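Hi,

Here's the structure I promised to pass on. Have a look at it first, then read on for what turned up.

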Amino acid sequence: MPFEALSVRGEYLDSDRFLQQRLDMVTLQLERRGIRSQQVLSVMRATPRHLFVPEDFIDRAYFDTPLPLAAASTISQPYIVAYMLEKLCLQDSDRVLEIGTGSGYQTALLAQLVAEVYSIEIEARLVKQAMKNLKQKDLQQEVGTLKNIQVKVGDGHLGWSEKAPFNKIIISAACNSIPRDLVAQLADGGRMILPLGSLPQYLVMLEKQGPHIETTELCAVSFVPLR
Ligand code: SAH
């Protein structure tokens, strides 16, 4: 058999294997644990997570755990990603700010759920890799070209004032305190979700209604610290 035919066949088998793992991930890790948002479940079924994890971990891409990226970062556990996205009550028209691009996996999910995604990552080499991940042909084949994403290298504490206000803000690294600049960049009626504190660390939801800010503690979590 010519080499090309072999490699095409190999790719087919690989994608079938990952598809089954992905469907199982959604059923067993997300639906069974109470994720109900059909939009969130559907983008997590569609988005190949294995295209975002480092080569060495590709066989664990759909495991129920976070996985290591470069620069002591991690791609978050699928359940926690789904939980945060569901809690944000994302709308088609939303403009969303993401802090901690990491692999770009969550960025890709957001881009399929809302109008505009702005993502900030402090590690330049992760931004480079995330952009590469987001432009992969295999990803585009599954979810289409994601044209509504802007990524920059920077300190997420400061937000992205030129693009504010944001309807939703999602922070993927643990904060010592609620970043003031980000609260200022949140639109009226907007929601922000963030891991707060260390040992114990809690996921906190912040809702802005005019001058009033309401915060709700959701659950204990374990994220890498926001630097
Ligand atoms: N959501 C990502 C996982 C992010 S892990 C994914 O799906 O892959 C948290 C990320 O926050 C890490 O990549 C880390 O480098 C980044 N980070 C840490 N401190 C930061 C800061 N001050 N500003 C922006 N990004 C930061």
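The accessible surface of the protein comes to about 11600 Å², and carbon and sulfur atoms hold 51% of that. Keep in mind as you read that this is a predicted model.

On to the overall build. You'll find seven helices and nine strands in the protein. Its C-alpha trace spans about 70 × 35 × 35 Å along the principal axes. The radius of gyration is 18 Å, which agrees with the value near 17 Å that a compact globule of 227 residues would have. Of those 227 residues, 46% are buried. And if you take the contacts with a separation of 6 or more, 55% of them are between residues 24 or more positions apart.

Now for the ligand. How many residues surround it? There are 25, and the closest are Ser 103, Glu 121, Asp 155, Gly 156 and Arg 227. Sorted by class, this shell has 10 nonpolar, 11 polar and four charged residues. Strand 2 (74-75), helix 4 (105-113) and strand 4 (116-121) each provide at least two residues of the shell.

Glu 121 has a polar side-chain atom 2.6 Å from an oxygen atom of the ligand. Asp 155 also uses a polar side-chain atom, which lies 2.9 Å from a nitrogen atom of the ligand. With Gly 156 it's a polar backbone atom, 2.7 Å from a ligand nitrogen atom. On its own the ligand would expose 590 Å², and the protein buries 99% of that.

Cheers

Notes
Residues numbered from 1 in each chain as written. Predicted model: local features only at pLDDT ≥ 70, side-chain atom pairs only at ≥ 80, totals over all residues. Heavy atoms only, no water. Near = heavy atom within 4 Å. Polar contact = N/O pair within 3.5 Å; in protein donor to acceptor, adjacent residues only side chain to side chain. Areas by Shrake-Rupley, 256 points an atom, 1.4 Å probe, with all protein chains shown as cover. Helix = DSSP H or I, 4+ residues; strand = E, 2+ residues; numbered from the N terminus. Nonpolar A, V, L, I, M, F, W, Y, C, P; charged D, E, K, R; others polar. Rg over C-alpha atoms; globule rule 2.2 N^0.38 Å. Buried < 20%, exposed > 50% of the residue type's maximum accessible area, 1.4 Å probe, protein only. Contact = heavy atoms within 4.5 Å.
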